[in-house]
Amino acid sequence: MEDDDILDTAEGPQSRPQSLMLTFFGNHVLEEGDLGVYSGSIIDVLGRVGVGEQAVRSTLTRMVNRGLLQRQREGRKMFFGLTPQATRVLIDGRTRIWKQGAVNDDWDGSWTLLGFSLPDSWKRQRHDLRSRLTWSGFGALYSGLWIAPGHVDVSAVVTELGLTAHVKIFHAQAAEVTDIERMIRETWDLESIAARYVTFDKRWSAHLGNGADDDPIGTRLRLVSEWLRTIRTDPRLPARHLPPAWPARTAQETFHRVAEQTHPALEAARTALETTPLRRQPS
């Protein structure tokens with residue numbers, strides 16, 4: 001299981017069922033611990049955002065097979081809960097959304113550099129490493145040398161992928177001769193990153209003006225899924241080295257305003273969802 005399989009940067013305007021499914025569990029299950037949700041409840045909630053019953057059922061099966069969800073039968077009903085792998089990714093996403101934020105105002109001037117050299121035949125390993133590095137805020141300075149702002153600990157990622165012998169990691173500061181603004185422009189696609197924030201802000205600012213929300217559960221599911229997809233490709237570059245009026249700040253304010261507006265969805269879900277305690281899986 002790779003993070004990019006859950007949070008795909010290539011998604012179109014509509015989130016894939018699997019991304020919505022993980023967002024659903026992140027919204028309503030992650031904080032509750034070992035909890036299983038009845039498949040009928042999941043079908044109902046994802047149906048609110050346009051995912052059909054057959055798509056939900058096939059997504060649940062696929063995610064169980066990939067080790068992202070565990071299932072538990074209670075009588076004639078099937079319940080689904082998070083595995084440790086999915087929990088790890090959702091906790092990381094929760095940190096990005098609610099704790100770090102999209103604007104980096106407190107950068108200390110340090111950079112993390114990661115160099116790697118993999119055999120030409122290791123296409124899957126190269127894809128996995130690049131995807132995980134992108135999620136961790138890295139950009140390709142050169143083909144085999146990636147860089148991220150701040151002190152980023154990716155040792156666990158490298159170990160998990162079995163690439164320790166092929167990767168070197170350094171923490172450093174740029175010399176004065178280095179043009180940081182130019183380096184950022186050449187390493188990351190700032191126009192695409194900014195465009196995602198502008199699109200998000202336009203869409204959800206319009207929602208704020210619509211008055212009462214008759215489906216806060218569905219709205220919050222779409223909101224968090226789209227925000228996570230938006231920030232996933234943003235490495236949180238130092239704000240002082242970004243173009244003026246960087247749109248992440250405005251978009252983040254809009255996100256938090258809509259999140260506050262839909263906060264009742266969390267309590268509503270507690271009563272609307274049919275759940276059961278999960279039995280621990282054997283090691």
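Contact here means heavy atoms within 4.5 Å.

Before the details, two ground rules. This is a predicted model, where local features need pLDDT of at least 70 and side-chain atom pairs count only at pLDDT 80 or more, while totals for chains, interfaces and linings use all residues. Residues are numbered from 1 along each chain as its sequence is written, and side-chain values use heavy atoms, with hydrogens and water left out.

Let me start with two helices, α5 and α10. Helices are DSSP runs of H or I with at least four residues, strands are runs of E with at least two, and both are numbered from the N terminus. α5 covers 84–100. α10 covers 216–232. How do they pack? At an angle of about 90 degrees, with axes 11 Å apart. Axes are lines fitted to C-alpha atoms, for helices over the stretch in contact, and angles run from 0 to 180 degrees between N-to-C directions. So α5 and α10 are roughly perpendicular to each other. On this scale, under 35 degrees counts as roughly parallel, over 145 as roughly antiparallel, 65 to 115 as roughly perpendicular, and the rest as oblique.

Which residues meet? From α5, G93, R96, I97 and W98. From α10, R220, V224, W227, L228, I231 and R232. By class, that contact has six nonpolar, one polar and three charged residues. Nonpolar takes in Ala, Val, Leu, Ile, Met, Phe, Trp, Tyr, Cys and Pro; charged is Asp, Glu, Lys and Arg; the others, Gly among them, are polar.

Now the sheets. Strands of a sheet pair through backbone hydrogen bonds, either parallel or antiparallel. Here, two strands pair if DSSP finds at least two bridges between them.

Go through the pairs. β2 (69–74) and β3 (77–82) are joined by six bridges. Q70 stands opposite G81 in β3. E74 has K77 in β3 as its bridge partner. The hairpin of β2 and β3 has two residues between the strands, and G75 takes a positive phi near 65 degrees there. β1 (35–38) joins β3 through two bridges. β1 joins β8 through three. Look at V37: its bridge partner in β3 is F80, and its bridge partner in β8 is T275.

Next, another open sheet of four strands. The order is β5-β6-β4-β7, and the pairing is antiparallel. The edge strands are β5 (139–142) and β7 (167–173), each pairing on one side only. The twist averages 30 degrees from one strand to the next. β5 and β6 (145–149) pair over three bridges. Y142 stands opposite L145 in β6.

Two helices pack on this sheet. α6 touches β4 (110–116), β6 and β7, and its direction makes about 175 degrees with that of β4. α8 (180–187) touches β4, β5 and β6, and its direction makes about 110 degrees with that of β5.

Last, the pockets. The method uses a 1 Å grid over the protein atoms alone. A pocket is an open set of points where a 1.4 Å probe fits, with protein on both sides within 12 Å along at least five of seven lines; lining residues have an atom within 4 Å of a point. Points are joined across faces, edges and corners, and volume is the space filled by probe spheres set on them.

How big is the largest pocket? About 560 Å³. It is lined by 24 residues, and D92, Q100, S136, V152 and D153 are the closest to its centre. α5, α6 (123–135) and α7 (155–160) each supply at least two lining residues. α5 gives the most, with five. The lining divides into eight nonpolar, seven polar and nine charged residues.

The second largest pocket has a volume of about 480 Å³. Of its 24 lining residues, G26, N27, H28, E31 and L266 lie nearest the centre. α2 (17–28), α5, α10 and α12 (264–272) give two or more residues each. This lining has 12 nonpolar, seven polar and five charged residues.
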